[in-house]
Structures are given as C-alpha cells and as structure tokens.
Amino acid sequence: MDPNKEIENNQETQELIDAYLLGKLDATALTDFNERLSIFPKFRAMVEEQRLLFKSVEEYNLKSSLDEYHSEIKDEPEKKWLSPGWLALAASFIVLIGIASWAIFNNGNSPQKVFAANFKPDPGLPTSMGTSSEYEFYYGMVNYKRKEYAEAISRWEPIYGANPENDTLVYFLGVANLANGNARQAEKYLKMANEKTESAFYEDAKYYLALSLLKEHKIEEAIETLSNSSSPANTSLLKQLKDL
Amino acid sequence: MRKISNEKIKDLPFKETVALIKKNDAATLKQLYKTNFAKVKRYVYKNSGDEQQAKDVYQEAFVAMWRNIKDDKFSAESETAINGYLFQIAKYKWLDHVRSARYKNTTFINRELEYDEPEIEENEMQNRKIKIIMNSIDNLGERCQLLMKLFYFEQKSFKEIAEIMAMDEASARNAKYRCQEQLKKMTQIIPNGPK
C-alpha cells in the first residue's frame, strides 16, 4: 500500500478501516495505516466517522440484548444456602445419587448403552432464508450443525416464546436439548412435537422423545411412545427397549 | 448448558474476561448482567425506588460500564472489581436521579447517602452523535440491521456471516458495504448529525 496515495471513499477503504478498528492489520499494514492517518486529515475524519458508527452499532445491539438478559433473572427469594434445610436437601441428593449409581452399575443391560447406540442428532435443515423473520432460526441452525447446541437453544428459545406452535422449532429445540445433555427439557419440547400429528417430523419426534425418556429411565413410557409407530427406526428402537 | 458457561467465566483469568467483554461475548455479558442485578435492586428498593426504576438505572449503568471497559477507561485487577464498579455506577446514577427535581420533596429514611463518585467519563458530543446513529439504525431494514450486528457487534468474519445469512462471501461483503453507506446517508441528512 502506498501511503502517499490519496484515499477514496469506497468499499476497499471501508474494509481497510474495519480491519484497523477490529485490530486485524498486521504490523506492516498498520504502519502504513498510521502514516496515512498522520498525512491525510480527510482520512482521519473517515476513520473517526467509521469508529463512531462501529460504536453505535455495538451499543444499539448491546441495549437490545439487555432485556433478554433481564428476562432470565428469576425472581427468587434470597436463599440462605447453608441453612439446615439446604444441607438436608444436599445430603439427600448425595444419597440419591449413590442409590442411582448403584442401581445403574448393578444392572447389566444398561439403558445408557441403548441410548448411546441409538442417539445421533438430526442432521438439521439446510440454511436457506425465507422471510427475514427466519434469520434467527437459521442462525441457530448454523450453530446446531456445528454442534454448538447451547447457542442454538439460546437463539431458538426466544423464537419459541413468540411461536409456541411451530412444529419444526419445538422438534429441533427438543433434539438440541437432548444432544446438549438435558433430557428433561428435551422431553418437554418433544412431547409438544409429538402432538403435531401432521408434522413432517412426527415419526422422528417420537424417536427422540423415546430416547429422552430412556435417558431419564422412564422406560415404560418410552415403550408406550413408540408402540403405535411404524417407521423402521422406531420399530427397531422399540424392540431394543423391550429387551431391557 | 448454562452451568458450563458460568464455570467458564468463574475460572477465567480476569484479563480474559475483559477481552471477552470487549469482544461483546454474549455469555460473558449475560453472566455479568445476571450476577449484579440483585444488589442494585436491593439498593434502589432501600432508597425509595421500584423494580422498573432499578432495572432502568441498572441497564444504564451496565452500558456505561461496558463502554468504559471498551475504551480502556477502567482498569481493574479483578473480576470482583468489575462487579464493584458496576454497582458503583448504578448507585451513583440512582442517587443522581433521586436528587433530581421530581424527588426533591420525597422524604427518605436513608439521609446519609455517602458515596464515591465513580469515574464515568462521558463525552457529551460523542454521545449525542451515537444517539443519532442509533436512531438511524432503528430505521434500517431488518437485513441490514442483522448484517451490521453480525459484523460489528458479534464481530463475525464475512465467511461466517455468509453462512448465517445463506449467501456467498462476496455478496455478504457487498451487502455490508451498501448497508453501511445507507446508514451513513441516513445520519447525514439529520440536521446536526455526525459530520
């Protein structure tokens, strides 16, 4: 780059200034850049203008995020964590975990094995934009496909709040939660998906719902979920569950 | 999943937290936000405020804290210091509000309100301009808003933006340029706008 060249206000310049503001220029480019800054007041003004715009976009989006952060603060009475009640609860949890792991390790055929052998997250949908309001959904889908399930869930949950009836959304929220290790949440969403008998995801929703229930050791309920199903995957899973 | 991000933040060295705040890392910002509200709320309640007022003053303080960290105007040595700083700003802002005309005649129990004024350097001129640009962003199309958000707020590469918006990289570049030019024009036609 020739620092003595006058700078035009075009896409190239805008991208160069962005690289500078984002700290992405290498040492040589940075030296050139600073030289230009010192030589051309007009360039300096352009950089300042872009810096301000950058700041404004950031602040605008931060402010828009705050209410969402706020909605996650639960209105709970203050807890005294070390009160005898809490200690008792903690103690009973430890006992419970002990009993549960004893039960699991003493059970030769394990639901875990069946789960591990059968659980593979749905590959997801191709990201093609329809209407602009679907951006967030597809943005989440990109996260989902990259196995960034927590991110996908946090993008989809607000959309779910506004569209609780969307079968695609509840189905993927369910699978993402299951992939993220949260079978209880998965069960909640997949049960909703399982009620949408017209949905393209109906059979798949049953499959993942059964796996969520299996993960929660609700084997009877998992069997019941699959019992009216005819898809090969569901039939095969049903057989494995019955053998447990 | 949330648990993981909490722990991530707790265990991070302080410098990395600052770096994450500067990069607008959503998990870090959210955690910081959620951690400190209760204390501010208690303070505002104690000093004749209500829930909504606590929320407003807290959000204002949060933005001020974030801005000062980004501009390197706040150098702290620990995570606790950030929390303390955020609380100080909120407290200061609330007291300022309380002492304003509307509250002049209100009696309150806690008369001895001593506090150290935190350093909130605010550049009035710049703030005014930022406000004007933010108003223009509001009027930008949804697609442009998202592009600008992904590029400047989430600081994604064009490659990632292209993937998220289901377009190719060159189109993402062009679109971002056009959106930005549009935004610039919108702010310039406003009298006394930037420039």
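The buried residues of H7(B) pack against helix H3 (41-71) and helix H6 (135-145) of chain A, together with H6, H8 and H9 of chain B. Here a residue is buried if 20 or more other C-beta atoms lie within 10 Å of its own, with the C-beta atoms placed from the backbone, and helices are DSSP runs (H or I, at least four residues) numbered from the N terminus. This is a predicted model, in which local features need pLDDT of at least 70 and side-chain atom pairs count only at pLDDT 80 or more, while totals for chains, interfaces and linings use all residues. Residues are numbered from 1 along each chain as its sequence is written, and chains are lettered from A in the order in which they are written, with ligands numbered from 1 likewise.

H7(B) is mostly covered, with 9 of its 12 residues buried; among them are B:Leu146, B:Met148, B:Phe151 and B:Tyr152. From first C-alpha to last it reaches 15 Å, close to the 16 Å expected at 1.5 Å a residue (the expected span is 1.5 Å times one less than the number of residues). After H7(B) comes B:Gln155, whose phi is positive, near 50 degrees.

As for the interface, 34 residues of chain B are in contact with 33 residues of chain A, contact meaning C-beta atoms, placed from the backbone, within 7 Å. H7(B) gives the most to chain B's side, with 7 residues. By class, that side has 20 nonpolar, 4 polar and 10 charged residues; Ala, Val, Leu, Ile, Met, Phe, Trp, Tyr, Cys and Pro count as nonpolar, Asp, Glu, Lys and Arg as charged, and the others, Gly among them, as polar.

Over in chain A, the axes of H5(A) (residues 111-118) and H10(A) (residues 202-215) come within 9 Å and cross at roughly 150 degrees. That makes H5(A) roughly antiparallel to H10(A), a label for angles over 145 degrees. The axes are lines fitted to C-alpha atoms over the stretch in contact, with angles running from 0 to 180 degrees between N-to-C directions. On the H5(A) side, the contact is made by A:Pro111, A:Val114, A:Phe115 and A:Asn118, and on the H10(A) side by A:Leu211, A:Leu214 and A:Lys215. These divide into 5 nonpolar, 1 polar and 1 charged.

H9(A) (residues 183-195) and H10(A) pack at about 150 degrees, with their axes 9 Å apart, so H9(A) is roughly antiparallel to H10(A). The residues of this contact divide into 8 nonpolar, 2 polar and 4 charged.

Notes. Helices (H or I, at least four residues) and strands (E, at least two) are DSSP runs, numbered from the N terminus. Angles under 35 degrees count as roughly parallel, over 145 as roughly antiparallel, 65 to 115 as roughly perpendicular and the rest as oblique. Two residues are in contact if their C-beta atoms, placed from the backbone, lie within 7 Å.
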